[in-house]
Amino acid sequence: MRTIVWYRGKDLRLSDHPPLRRALLEGEVLPLFILDPRFVARDRVEHHTHRIQFLLDSLGELADGLAKRGSKLLVQRGDPLELVPELLERWSADRIVAHRRVEPGGRKVDRSLRARLGERFELFEGETLLAPGQLRTSQGDPYRVFTPFSRAFMERCEIGLPLPTPQRLPAIPAAISRDSLGLPSCAQLGLDPNPAILSGGERAGRERLRRFTRGPAMRYARDRDRMDKLGTSRLSADLKFGTVSVRQVWTSIQAAQAEATALDPFCRQLLWREFTHNLLWEFPRLLAEPFRPQFRGFPWSADSELLSTWQEGRTGYPIVDAAMRQLRVEGFMHNRARMITASFLTKHLLIDYRLGEAHFMRYLTDGDPAQNNAGWQWSAGCGCDAQPYFRVFNPITQGRKFDPDGAYVRRYLPELARVPTRYIHAPWTADPGALATAGLQLGRSFPYPIVEHRTARERFLAVASQYLRA
Ligand SMILES: Cc1cc2nc3c(=O)[nH]c(=O)nc-3n(C[C@H](O)[C@H](O)[C@H](O)COP(=O)(O)OP(=O)(O)OC[C@H]3O[C@@H](n4cnc5c(N)ncnc54)[C@H](O)[C@@H]3O)c2cc1C
């Protein structure tokens with residue numbers, strides 16, 4: 001049997017890879033990656049630089065790993081819907097195997113290929129711990145609330161051990177090996193690599209997992225919300241691109257958990273990931289509209305000036321601005337900071353959550369439709385099991401609580417570096433002498449707040465309660 005193993009960008013590893021494993025058990029293996037011209041078009045690359053950089057890093061390492069084991073990553077360019085059936089014929093392959101995709105675009109491709117190829121196209125689970133759509137209530141309905149979902153998960157699901165890394169792979173026939181393009185470099189795609197982005201690839205991902213389980217994991221319950229500390233795993237891009245499988249993370253954590261119950265909240269976050277993927281599977285419309293019908297047609301603003309003030313980190317609220325600059329510089333933002341900035345955009349500025357969602361997708365290395373959409377809908381109050389709309393984060397008290405010494409703010413806003421800690425989250429409250437000593441000129445080196453917290457909160461509540469009651 002000759003099988004094409006189709007790497008689709010969310011499973012870029014050799015270990016714990018069920019399609020690869022199955023193909024290997026049955027004979028010849030042709031590992032394939034398809035560069036879809038729509039995804040590497042210049043305007044798209046410009047809008048996804050961080051993810052493309054991580055992707056190319058990860059593909060490069062995957063190609064090396066395959067070569068070391070006697071195989072090769074075969075690279076083709078084209079529309080998968082046309083190319084996959086064509087390659088099956090051209091390479092005389094019996095079938096093609098891949099991981100299932102959750103987002104609506106990927107599912108559409110899967111349906112079309114399945115209709116055309118029947119059983120020659122086989123899908124495997126692995127992006128999530130549990131096949132999407134598998135866990136439902138006793139009435140057969142999708143779960144809409146996280147806590148019962150996670151309870152049912154813990155009661156009903158058994159997670160197996162990850163599959164090992166194959167040591168050797170069958171050689172690729174010479175004619176097929178010649179029928180392959182090289183992987184593009186960042187430069188060829190017109191991309192200037194950003195040194196602040198995490199390195200991609202299975203090795204770096206496994207190292208992040210190892211470092212986390214030996215260190216920060218033990219303090220996760222205490223430190224996970226602290227923006228000034230390295231208290232979380234930083235595995236989100238690995239999970240997004242599959243350089244580490246979620247099953248590998250889950251089992252490593254379960255093993256470490258024998259010693260530390262502090263890890264319970266971490267498993268809970270992995271279950272949030274499951275929940276968000278499950279939601280998008282059950283309700284594909286979520287990428288286009290709010291989960292709660294009451295929010296359809298909500299009078300969000302699309303004020304482009306306010307939007308760019310937020311995007312560029314010039315709101316005058318240090319915790320918001322530091323987070324927005326972290327996003328641009330590092331392609332990452334701490335979870336607490338994501339919640340604060342999303343709340344600020346939608347509630348303080350009343351701007352449509354979809355504009356914030358798109359901005360995050362532009363810069364986040366871990367940008368994932370299921371998780372990002374759920375995070376935004378949760379923050380705006382319109383999502384499934386979302387934070388109630390009337391809860392509006394106060395950016396000053398959030399800053400004081402989760403960045404108590406202002407270290408996070410100072411890291412990303414050097415202009416505030418010398419502001420005394422008691423004013424760091426609200427510099428406009430400092431007396432002019434303290435600001436002068438800190439070298440800060442409000443309105444020049446750092447802006448005054450663009451909105452006053454209490455006024456903005458009241459305005460949002462007035463608009464929302466009137467609209468949602470109507
Ligand atoms: C507005 C908003 C947008 C978000 N967009 C994304 C996104 O595009 N991609 C993304 O991976 N996460 C997103 N999140 C969730 C969360 O912020 C990140 O997963 C987390 O900050 C990544 O850091 P970490 O790997 O160190 O997390 P850890 O705290 O170490 O968590 C471990 C893993 O659990 C998962 N996870 C953690 N929190 C959540 C959550 N609230 N929802 C779903 N999964 C979670 C992630 O895969 C993460 O890597 C978003 C949250 C919000 C509020």
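**Asking how we know**

Biologist: Let's start with helix 1 (residues 18–26): what do its buried residues pack against?

Modeller: The buried residues of helix 1 pack against strand 1, strand 2, strand 4 (95–99) and strand 5 (121–124). Contact here means that the C-beta atoms of two residues, placed from the backbone, lie within 7 Å. Keep in mind that this is a predicted model: local features need pLDDT of at least 70, side-chain atom pairs count only at pLDDT 80 or more, and totals for chains, interfaces and linings use all residues. Numbering runs from 1 along each chain as its sequence is written.

Biologist: What makes something a helix or a strand, and how many are there?

Modeller: Both are DSSP runs numbered from the N terminus: a helix is H or I over at least four residues, a strand is E over at least two. On that basis the protein has 21 helices and five strands.

Biologist: How do you know whether the protein is as compact as a globular one?

Modeller: We set the radius of gyration, taken over C-alpha atoms, against the globule rule, 2.2 Å times the number of residues to the power 0.38. The protein comes out at 24 Å, close to the 23 Å that the rule gives for 470 residues, so it is as compact as a globular protein of that length. The C-alpha trace spans about 75 × 50 × 50 Å along its principal axes.

Biologist: Which residues of helix 1 are called buried, and why?

Modeller: They are P19, L20, R21 and A23. A residue is buried if 20 or more other C-beta atoms, placed from the backbone, lie within 10 Å of its own; with 12 or fewer it is exposed, and in between it is partly exposed. Buried residues make up 42% of the 470 in the protein. Just after helix 1, G27 has a positive phi of about 140 degrees.

Biologist: What makes strand 1 enclosed or open?

Modeller: Five of the six residues of strand 1 (residues 2–7) are buried, so the rest of the structure largely encloses this strand. Strand 2 (residues 28–35) is mostly covered too, with seven of its eight residues buried.

Biologist: How do you know how strand 1 and strand 2 pair?

Modeller: Pairing needs at least two bridges found by DSSP. Strand 1 and strand 2 have six, in the parallel sense. Within that pairing, R2 stands opposite E28, and Y7 opposite F33.

Biologist: What places the ligand relative to the domains?

Modeller: An automatic or database domain assignment supplies the bounds: domain 1 (2–127), domain 2 (129–160 + 202–282) and domain 3 (293–469). Domain 2 and domain 3 both give residues to the shell around the ligand, so the ligand lies between them.

Biologist: Which residues come nearest to the ligand, and what counts as near?

Modeller: Near means a C-beta atom, placed from the backbone, within 6 Å. Of the 27 residues around the ligand, T232, S233, S236, N372 and G375 come nearest. Helix 10 (236–241), helix 12 (264–282), helix 15 (335–348) and helix 17 (369–380) each give two or more residues to the shell.

Biologist: And how do domain 1 and domain 2 meet?

Modeller: 18 residues of domain 1 are in contact with 16 of domain 2, while the centres of the two domains, over C-alpha atoms, are 25 Å apart.
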